[in-house]
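These are my notebook entries on one structure. I set down what I looked up, entry by entry.

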Amino acid sequence: MIEKSKWIFCPICNSKTRIRIHSNTVLTNFPLYCPKCKQETLINIISLQITVIKEPDAKTQSR
């Protein structure tokens, strides 16, 4: 059985991160950190398909 794997690329700057995933990797709400652009992004990974989780910006509370 050949294990397929690939490196995760940053969704912001498209540089290679330090994370490598295999075909059976499942990650939910994973905080992906990019050492190049120093940004953190939440992602989901299911069978080598990466989706970026867009969080709405925090709103100030008004009284």
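**Entry 1: a residue in a strand.** I began with Asn 29 and found it in strand β3. I take helices (H or I, at least four residues) and strands (E, at least two) as DSSP runs, numbered from the N terminus. The model is predicted: local features need pLDDT of at least 70, side-chain atom pairs count only at pLDDT 80 or more, and totals for chains, interfaces and linings use all residues. Residues are numbered from 1 along each chain as its sequence is written, and side-chain values use heavy atoms, with hydrogens and water left out.

I then looked up the backbone of Asn 29: its phi is near 55 degrees, a positive value in a residue other than glycine. Is Asn 29 buried or exposed? I noted Asn 29 as exposed, at a relative accessible area of 52%. My cut-offs are under 20% relative accessible area for buried, over 50% for exposed, and partly exposed in between (1.4 Å probe, protein chains only).

**Entry 2: a residue in a loop.** Lys 38 lies in the loop between β3 and β4. For Lys 38, too, I recorded a positive phi in a residue other than glycine, near 55 degrees. With a relative accessible area of 57%, Lys 38 is exposed.

**Entry 3: the sheet.** I traced an open sheet of 3 strands in the order β3-β4-β5, with antiparallel pairing. Two strands count as paired if DSSP finds at least two bridges between them. At the edges I found β3 (26–33) and β5 (49–52), each of which pairs on one side only. Neighbouring strands of this sheet are turned by 30 degrees against each other on average, direction ignored; the axes are lines fitted to C-alpha atoms, for helices over the stretch in contact, and angles run from 0 to 180 degrees between N-to-C directions.

I next followed strand β4 (residues 40–46), which is joined to β5 by 4 bridges and runs antiparallel to β5. Which residue in β5 is the bridge partner of Asn 44? I identified Thr 51.

**Entry 4: the cysteines.** I searched the whole structure for disulfides, and the search gave 0. A disulfide is here a pair of cysteine sulfur atoms within 2.5 Å. Cys 10 is in no disulfide, and its nearest cysteine sulfur, that of Cys 13, is 3.7 Å away. I recorded Cys 10 as buried, with a relative accessible area of 2%.

Cys 37 is partly exposed, with a relative accessible area of 25%.
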